[in-house]
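Hello,

Here is the structure I promised to pass on to you. Please open it next to this email, and then read on for what turned up in it.

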Amino acid sequence: MRQEQDERVELALDRLLDAYDAPEPDPGLATRIIASMPRPGPAWWPFGALWQPLSGLAAAALIGIVVGVALPSPSVADPDDAAPWNVAELSEPSL
């Protein structure tokens, strides 16, 4: 029942829209739309403001330097501790 009513409404709307001609667009519309668009930046950087990624990279480098200086470097006193596994043991299947 509901579907039949929807179909009737669609047909009535189709007839109403078919009875009228589509309006012609304003000749200056495309010109106004293009004029209102933002101007592109440099051709070599199409992503907007360059200071944002540069400041992010600088902050990441600064954090890396601070963490690298603040944390003690790992030192290996015993050469046997340098390799915590044996490569030959890794290649053999364990049963």
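Tyr20 sits in the loop between H1 and H2. (Helices are DSSP runs of H or I with at least four residues, strands are runs of E with at least two, and both are numbered from the N terminus.) Because its relative accessibility is 61%, Tyr20 counts as exposed; the word means over 50% relative accessible area, while buried means under 20% and partly exposed lies in between, with a 1.4 Å probe and protein chains only.

Before going further, a note on the source: this is a predicted model, in which local features need pLDDT of at least 70 and side-chain atom pairs count only at pLDDT 80 or more, while totals for chains, interfaces and linings use all residues. Residues are numbered from 1 along each chain as its sequence is written, and side-chain values use heavy atoms, with hydrogens and water left out.

Tyr20 also belongs to a nonpolar surface patch, together with Leu13, Leu16 and Leu17. The accessible area of these residues together is about 460 Å². Such areas come from the Shrake-Rupley method with a 1.4 Å probe, and for residues only the protein chains shown count as cover. A patch takes residues with over 30% relative accessible area and no salt bridge, joining like charges within 9 Å and nonpolar side chains (Val, Leu, Ile, Met, Phe, Trp, Tyr) within 5 Å.

There is a negative patch too, made of Glu4, Glu7, Glu10, Asp14 and Asp18. Here Asp and Glu count as negative and Lys and Arg as positive, with His and the chain ends not counted. Each charge is placed at NZ of Lys, CZ of Arg, CG of Asp or CD of Glu. Asp18 is part of helix H1, which covers residues 2-18. Its relative accessibility is 66%, so Asp18 counts as exposed.

How many salt bridges does the structure hold? It holds two. (A salt bridge is a side-chain nitrogen of Lys or Arg within 4 Å of a carboxyl oxygen of Asp or Glu.) One joins Arg2 to Asp6, with 4.0 Å between the closest N and O atoms. Both residues, Arg2 and Asp6, lie in helix H1, four residues apart, which is about one turn of the helix. Arg2 counts as exposed because its relative accessibility is 59%, whereas Asp6 is partly exposed at 35%.

The other pairs Asp26 with Arg32, and there the closest N and O atoms are 2.8 Å apart. Asp26 lies in the loop between H1 and H2. Asp26 has 39% relative accessibility, so it counts as partly exposed; Arg32, at 49%, is partly exposed as well. The side chains of Asp26 and Arg32 also make a polar contact at 2.8 Å. (That term means a pair of N or O atoms within 3.5 Å; within protein, one must be able to donate a hydrogen and the other to accept it, and residues adjacent in sequence count only if both atoms are side-chain atoms.)

Next, look at Ser36 in helix H2, which spans residues 29-36. The side chain of Ser36 reaches the backbone oxygen of Ile33 at 2.8 Å. Ser36 is exposed because its relative accessible area is 60%.

Finally, the whole chain. It has four helices and zero strands, running α-α-α-α from the N terminus on. Of its 95 residues, 0% count as buried. The accessible surface comes to about 9400 Å², and 65% of that belongs to carbon and sulfur atoms.

Happy exploring!
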